Amino acid sequence: MYLNFFNLSKEPFQITPDPSFLFLSPGHKGALASIIYGVEKKKGFILILGAVGVGKTTILRAYLEKVDRQKLTTIYLFNSNISYANLLKYLLRELGIMPESDEIPDMVRQFHQALMEEYDKGKNILLLIDEAQNMPVDTLENLRMLSNLETSSDKLIQVIFSAQPEFEKTLNLEELQQLKQRVAVKAVISPLTREEGLHYIQHRLKTAANSDQAIFTTGALKEIVQSAKGIPRVINVLCDNSLITAFGYGKKTVDLRVVREITNNFGIRRQNYLAWAGGALLVAMVAMGYLGVKHRQQLIAAKGPLVVAQTAKGGVLAKTVQETGRPAPLSRAERSNVQRVVARGDTLAKLIVDVYGHVDPRMIKMVKKANYIDDEDLIIEGTRIVFPSLERK
């Protein structure tokens, strides 16, 4: 529709996964490397986690583009909401085998025989399960038992789970503890940072462009990345609609006004305002608690000990008073950007203290804004958090 107008060879922002537009952020590189390693080393179960739209399916398809079909037979399961019996039928049919009966033991025997035949040919079976969070618990547990089909030295089938973060809650169920323990490789794809988001847009435009003309203004790009909160799929939707609108207006350049029209049409600006209002209320509440803690620190500081206050949820709230009662000096981390990977039991406040040496409501707000975090009590294990540099006021 707008390709000739903007001198593009193909649409740069389709929402369908297209490996030719593959953009490898650190998180995407890690996920792809985890898949390659897990499959080559026959680790059994591999888990790829990420929020809706971060690019999990694109990574899976990018991997499939490069596999050696002489050594690996791949089966892609798009609909994971499937019973165990139907899963076995699907696996057999994908291998070109008609089930001899509808009885599960018979289908398991057939599948095991097929796995052995592939193994004798020097090939392994890889099952990729997209949207794994939708798979019934009973199917997951039986899939774990299906993985017991192996030789004395090798797994006969590898399984990749591509899922949203809530899948971890499913794996924590008591009946799935054995399956969880068998997940040998895990990677988390985080939303793009602001810098990565800008590079993502420029990469897709460069891949599709016939020239080096600047289609988006700098302000328009920044507005899109901020509104999308680092989610590639949302970036694609906003960019595509911005190009269509600019084309309709006869504009060769997408400016900030066009982008804001699109974000308003999608209700994104209003939603961001509501999220900001909720965040402001939370910061105000934290600030009230912080002032109370600060008063206690000043009282205790006269006696010299180090003060570490904790919130009601167990997170460290403040660590600002040394034996002298004065604020802790800025560390090297405060003068340059650093990153941390969220570990089990971490809170945002605790990580801020680890990086900067202390925490206050301004820091919480700054780190949340830099990482598109709406609720500091909901940070996902395994995700990367960027801590911006501080400037002494």
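Which residues have the most contacts inside the largest nonpolar core? They are Leu127, Ile129, Leu143, Phe161 and Phe167, in a core of 34 residues. A nonpolar core is a set of buried Ala, Val, Leu, Ile, Met, Phe, Trp, Tyr and Cys residues joined through side-chain atoms within 4.5 Å. Buried means under 20% relative accessible area, exposed over 50%, and partly exposed in between, with a 1.4 Å probe and protein chains only.

This is a predicted model, in which local features need pLDDT of at least 70, side-chain atom pairs count only at pLDDT 80 or more, and totals for chains, interfaces and linings use all residues. Residues are numbered from 1 along each chain as its sequence is written, and side-chain values use heavy atoms, leaving out hydrogens and water.

Helix α4 (residues 84-94) gives the largest share of it, five residues. Helices (H or I, at least four residues) and strands (E, at least two) are DSSP runs, numbered from the N terminus. Phe167 touches Leu47, Leu49, Ala132, Gln133, Leu140 and Phe161, not counting residues up to four places away in sequence. Contact here means heavy atoms within 4.5 Å. Another core, of 30 residues, lies apart from this one, and Leu221, Val225, Val254 and Val258 are among its members.

Now turn to helix α14 (residues 348-356) and helix α15 (residues 361-371). Their axes come within 11 Å and cross at roughly 100°. Axes are lines fitted to C-alpha atoms, for helices over the stretch in contact, and angles run from 0 to 180 degrees between N-to-C directions. The two helices are therefore roughly perpendicular, a label for angles of 65 to 115 degrees; under 35 is roughly parallel, over 145 roughly antiparallel, and the rest oblique. From α14, Leu348, Ile352 and Tyr356 make the contact; from α15, Met363, Ile364, Met366, Val367 and Lys368 do.

How many residues of α14 are buried? Seven of its nine are, including Leu351 and Val353. Glycine 357 follows the helix, with a positive phi near 95°.

Isoleucine 373 counts as buried, because its relative accessibility is 14%. Beyond its neighbours within four places in sequence, isoleucine 373 contacts Leu348, Lys368, Ile379 and Ile385.

How far can the model be trusted? pLDDT is the predictor's confidence in each residue, from 0 to 100. The mean is 80, and 79% of residues reach 70 or more. Over residues 270-335 the pLDDT is below 50. Where pLDDT is low, the predicted coordinates should not be read in detail.
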